[in-house]
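We will go stop by stop, with something to select at each one.

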Amino acid sequence: MNSVFRNNTTMNLTQLSKEDILLALSEIPDPEIPVITIEELGILRDVKWDCITCTIVITPTYTGCPAMKVIEDDIRIKLKSLGIENIIVELVYSPAWTTDWISDTAKEKLEKYGIAPPEHSSVDKGTLLGKPRDLRCPHCSSKNVQMISQFGSTACKALYRCLDCREPFDYFKCI
Amino acid sequence: MTLEQAKFEYLLRLGDSSLIIGHRLSEWCGHGPILEEDIALINIALDFVGNATSLLTYAAQVEGKGRTEDDLAYLRNERDYRNLLLTEQPNGDYAMTIARQFLYDVYTYFLYEELKNSKDETIAAIAVKSHKEITYHLRHTTEWMYRLGDGTEESHQRLQNGLNELWMFTSDLFDMDEVDAILIKAGIAPDLNKIKEAWEKRVKEVVAEATLQLPTSIAKQKGSREGKHTEHLGYLLAEMQYLPRTYPTAKW
Ligand SMILES: [Zn+2]
C-alpha cells in the first residue's frame, strides 16, 4: 500500500531502475505465510532489467510447493502495475533453497506470527539422527515442546505442541 | 543409442517413478489412519509430484519434440511408462504402504546422493534439491518401520506381510542396461551396483532393529526398464489420465 509506484503507473520505463523493481517486488507477501515477503524468505533470487524486458528469477522452497504458481502470478501483477509488459519468470533449482536464507528480521516476524523459526540448517542435521533440538514455543517461549508430526500444514513446516501452555504450533523445518 | 536418447530414457525412469509413487500416496488423502499421517503422506506425495514435474520438464526438453511435462504424464500409455515396478504396487493396508515407501526411500536416498555429483548440471541441481526432501521421507518411514515392526503382534505381522509381498520387486530397482552404461561412462548416472550395496546394508539394519525378518523369497520380477509392468499400473493411469484425456483443453 505504501508503494511509491502505486499512483504512478504511467511512469516512463526508461526511468525505472532495477532497484525500483526490486523495491516493488520486495513488498509481495508469501501466499502461505503472509507476514513475510518472498524476498525475506529467499524465494526471489534475481532481477534482470533492460528497460524493455524484465526477467525475474525465483526458486522454490520445496520442489512441489504449490505456492510457486501464485507467487509467479503476484510477480506478474506487480510488474504490470509498474507498466512493464514483457515479463519472464524463471524458475531455478540451483543453488537449492535453504532456510539459512531467511533473514533474522523475518525469523522474528515468524515467531510473532506463531511459527517457530528454523534454526541454522547445520543444527538440523543432528535432528535427522534423532537428537533433541533447541526449539522454543512461539507462544510462551517454553523449551518443553514435543513433536507431533514431521509434516505440518505445508511442506515446509512440522507440527509441534508445547507441554507448558498446551498450544500446538508450526515449526519451520530446516532444509 | 545416442547420449541424448539415453538421457531422455533415464529421466523418464526417474520422473515416472516419482510421479507414480506420488500418485499412489495421494490415494491416501482423506483416508490416513490418523490426521497427522494423512497430512504427512500428502506432503510427501507433493514432494514426489514436484520432483516428477522438474524431471519430466527436463526430459521433454532433452527429447526436443515439443512435448511438455503434462504431455509426458498424461498422454503416454502403460508400456511407455518407465517407473519401477515397486512404485506402482497398491497401497494395501497402512503397513504395506510403509513397507513400500521404506524400500523406495532408502533407494532414492542413496541414488540421489550420487546424482548430486552428476556431470549433467540440471540433474545435479534437481538431485541436491530433492535429496533434502528425501532425507525427511526416509526418516519418517524408518520411524514407522520401528513403530509397527516393534509394536503389537498385529502391526508386526502386517508389516512383515507387506515386506514379504513387495520383496520380489526389489531386484527391479537395480536392473541396468545400455542406458545406464552410456550414462555411467559420461559421469551422468551412478553405477546401481554401488547403490545396491548401500541399500542392502541399510535395509538389513532397519529390518533387524524393527524385529522383522528379511524376506527369503527368491522370486524376482523385473521389466520396468522395458515398460513391462504389473497389472496395477493400467488402473492407476486410467484414473490419473482420465480428465486430461477426456477434456484435452481443460485448465485449472
Ligand atoms: Zn507454550
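A donor here is an N, O or S atom within 2.8 Å of the metal. Keep that in mind for the opening stop. One more note: this is a predicted model.

**Stop 1: the zinc ion**

Select the zinc ion. Which residues are its protein donors? They are Cys137(A), Cys140(A), Cys162(A) and Cys165(A), each through its SG atom, and they lie 2.3 Å from the ion. Now find these donor residues in the sequence panel. Their spacing reads C-x2-C-x21-C-x2-C.

Show Cys137(A) and Cys165(A) together. Cys137(A) sits in the loop between helix H5 (121-128) and strand S5 (145-149) of chain A, and Cys165(A) in the loop between strand S6 (157-162) and strand S7 (168-172), so the pair ties together parts that are 28 residues apart in sequence.

Next, look at the angles. The 4 donor atoms make angles of 104 to 115°, and the site is tetrahedral. For four tetrahedral donors, the ideal angle at a metal is 109.5 degrees.

Is Cys137(A) buried or exposed? Cys137(A) is buried, because its relative accessibility is 0% and the cut-off for buried is under 20%. Cys165(A) has a relative accessible area of 28% and is partly exposed.

**Stop 2: two residues with positive phi**

Most residues other than glycine have a negative phi. Select Ser141(A), in the loop between H5 and S5 of chain A. Its phi is positive, near 65°. Ser141(A) is partly exposed, with a relative accessible area of 44%.

Now select Arg166(A), in the loop between S6 and S7 of chain A. Arg166(A) is not a glycine either, yet its phi is about 70°, a positive value. With a relative accessible area of 58%, Arg166(A) is exposed.

**Stop 3: other cysteines**

How many disulfides does the structure hold? Over all chains the count is 0. Take Cys51(A): the nearest cysteine sulfur belongs to Cys54(A), and it is 10 Å away. Cys51(A) is partly exposed, at 30% relative accessibility. Then click Cys156(A), which is buried at 6%.

**Stop 4: chain A as a whole**

Zoom out and switch to a cartoon view. Chain A has 5 helices and 7 strands. Trace them along the sequence and you get α-α-β-β-α-β-α-β-α-β-β-β. Chain A has 175 residues, and 49% of them count as buried.

The peptide bond from Ser94(A) to Pro95(A) is cis, with omega near -5°. Most peptide bonds are trans. Pro95(A) is in the loop between strand S3 (86-91) and helix H4 (104-113) of chain A.

**Stop 5: two helices of chain B**

Move to chain B and select helix H1 (3-26). H1(B) has 24 residues and reaches 34 Å from its first C-alpha to its last, close to the expected 34 Å. Of its 24 residues, 20 are buried, so H1(B) is largely enclosed by the rest of the structure.

Next, select helix H2 (residues 35-63) of chain B. H2(B) has 29 residues and spans 41 Å between its first and last C-alpha, close to the 42 Å expected. Just after H2(B) comes Gly64(B), with a positive phi of about 70°.

**Stop 6: the cavities**

Rolling a probe the size of a water molecule over the atoms shows where empty space is left. The count is 3 cavities of 30 Å³ or more. The largest cavity has a volume of about 140 Å³.

What lines the largest cavity? There are 14 lining residues, and Arg13(B), Leu14(B), Leu84(B), Tyr107(B) and Leu111(B) lie nearest the centre. Select those five names to find the spot. Helix H1 (3-26) and helix H5 (94-115) of chain B are the elements that give two or more residues to this lining. H5(B) gives the largest share, 5 residues.

**Stop 7**

Finish with Ala238(B), in helix H10 (residues 232-246) of chain B. Ala238(B) is partly exposed, at 49% relative accessibility. Ala238(B) and Tyr74(B) are 164 residues apart along the chain, and their C-alpha atoms are separated by 9.7 Å.

How values were computed
Residues are numbered from 1 along each chain as its sequence is written. Chains are lettered from A and ligands numbered from 1 in the order in which they are written. This is a predicted model: local features need pLDDT of at least 70, side-chain atom pairs count only at pLDDT 80 or more; totals for chains, interfaces and linings use all residues. Side-chain values use heavy atoms; hydrogens and water are left out. Helices (H or I, at least four residues) and strands (E, at least two) are DSSP runs, numbered from the N terminus. The expected span of a helix is 1.5 Å times one less than its number of residues. Donors are N, O and S atoms within 2.8 Å of the metal (3.2 Å for Na, K and Ca); water is not among the atoms, so sites may look incomplete. Four donors count as tetrahedral if all angles lie between 85 and 135 degrees; four count as square planar and six as octahedral if opposite donors are over 155 degrees apart and all others between 65 and 115; anything else is irregular. Buried means under 20% relative accessible area, exposed over 50%, partly exposed in between (1.4 Å probe, protein chains only). A disulfide is a pair of cysteine sulfur atoms within 2.5 Å. On a 1 Å grid over the protein atoms alone, a cavity is a set of points where a 1.4 Å probe fits but cannot get out, and a pocket is an open set with protein on both sides within 12 Å along at least five of seven lines; lining residues have an atom within 4 Å of a point. Grid points are joined across faces, edges and corners, and a volume is the space filled by probe spheres set on the points.
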